[in-house]
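Subject: The structure I promised you

Hello,

Here is the structure we talked about, ready for you to open. Please have a look at it first, and then read my notes below.

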Amino acid sequence: LNKKIKDPFFSIITVVKNDDKNIKKTISSVSKQTYKNFEYIIIDGNSRDRTLNVIVKNKKNVNYLLSEDDLGIYDAMNKGLRKSNGKFIVYLNSGDTFTKNALSFIYKKYSDNKTVDFIFGTVKRHYTKKTILKYGYNPSRINYNFDFATSHSSGFFIKKKSFNKIGKFNIKYKCSADYDLYYKAIKKFKMIGSSTSKKKLVG
């Protein structure tokens with residue numbers, strides 16, 4: 001699949017491998033967005049189950065699909081970044097979902113302040129025994145908290161030009177390349193961050 005659209009505002013990138021039970025709900029949440037100026041990219045790690053069958057059945061909602069072996073999740077995320085054409089990048093990995101107004105909330109937040117490099121959207125984070133709401137942005141947390149981010153990947157939106165300035169995910173960090181990205185954005189490049197209000201739930 002390779003259906004390009006002209007000047008998308010958002011590039012939504014889904015990374016998946018062997019997750020035929022959950023990929024459909026992720027694709028469905030993308031298709032139901034009230035804000036429509038986006039491209040949808042899926043990077044599949046050469047799945048051996050029925051994941052590709054599910055994606056192909058829902059191909060009308062997908063702009064680009066790549067399926068091949070990779071060197072791990074961050075390698076796959078880098079592949080999605082290279083294929084993206086949007087002004088803002090967001091990763092909505094398999095099993096994660098957006099609320100229907102997610103992109104609308106982020107677009108409005110950016111429209112209010114176009115100097116921002118990235119925006120954290122309010123999300124629900126599910127733990128073993130409870131679910132909590134994660135929201136806000138406090139850059140000083142990066143100095144002392146490894147769990148710095150106030151969202152998971154589906155709530156983190158970053159300008160592509162800012163992403164390119166930082167550089168791609170460093171795949172030598174098997175579990176923390178996202179933290180490395182945040183650290184460089186805040187400490188090295190002094191980028192401007194923002195967040196949606198507590199009530200503006202994106203995922």
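Is Thr 26 buried or exposed? Thr 26 counts as buried because its relative accessibility is 0%; buried means under 20% relative accessible area, exposed means over 50%, and partly exposed is in between, with a 1.4 Å probe and protein chains only.

Before going on, please note that this is a predicted model, in which local features need pLDDT of at least 70 and side-chain atom pairs count only at pLDDT 80 or more, while totals for chains, interfaces and linings use all residues. Residues are numbered from 1 along each chain as its sequence is written, and side-chain values use heavy atoms, with hydrogens and water left out.

**Around Thr 26**

Thr 26 sits in helix H1. Helices (H or I, at least four residues) and strands (E, at least two) are DSSP runs, numbered from the N terminus. Leaving out residues up to four places away in sequence, Thr 26 touches Thr 14, Tyr 40, Leu 92, Asn 93, Ser 94, Gly 95, Asp 96 and Thr 97; contact means heavy atoms within 4.5 Å.

Helix H1 (residues 23-31) itself lies across strands E1 (10-16) and E2 (38-44), and runs at about 165 degrees to E2. Axes are lines fitted to C-alpha atoms, for helices over the stretch in contact, and angles run from 0 to 180 degrees between N-to-C directions.

**The sheet**

Seven strands make an open sheet with mixed pairing, in the order E3-E2-E1-E4-E8-E5-E9. Two strands pair if DSSP finds at least two bridges between them. The edges are strand E3 (64-67) and strand E9 (193-195); each has a single partner strand, so one side of each is left without a neighbour in the sheet. From one strand to the next, the twist averages 20 degrees.

E1 and E4 pair in the parallel sense over four bridges, and Phe 10 stands opposite Phe 88 in E4. E4 and E8 pair in the antiparallel sense over two bridges, where the bridge partner of Phe 88 in E8 is Lys 159.

How do the side chains of a strand point? In a regular strand they alternate between the two faces of the sheet. In E4 (residues 88-91), Phe 88 and Val 90 point one way, Ile 89 and Tyr 91 point the other way, and all are buried.

**The cores and helix H6**

The largest nonpolar core has 29 residues, of which Ile 43, Tyr 91, Phe 118, Phe 148, Phe 163 and Phe 169 touch the most other members. A nonpolar core is a set of buried Ala, Val, Leu, Ile, Met, Phe, Trp, Tyr and Cys residues joined through side-chain atoms within 4.5 Å. Helix H6 (residues 177-188) gives the largest share of this core, six residues. A second, separate core of 28 residues includes Phe 38, Tyr 40, Leu 65 and Val 123.

In H6, the buried residues include Ala 177, Tyr 179, Leu 181 and Ile 186. Among the elements covering the buried residues of H6 are helix H3 (73-83), strand E8 (156-159) and helix H5 (160-166).

Helix H3 also holds Lys 79, which counts as buried at 10% relative accessibility. Not counting residues up to four places away in sequence, Lys 79 touches Ile 43, Leu 66, Glu 68, Asp 69 and Asp 70.

**Two backbone angles to check**

Most residues other than glycine have a negative phi. Asp 7, in the segment before E1, has a positive phi near 50 degrees, and is exposed with a relative accessible area of 58%. Asn 46, in the loop between E2 and helix H2 (51-57), has a positive phi of about 60 degrees and counts as partly exposed at 21% relative accessibility.

Happy exploring!
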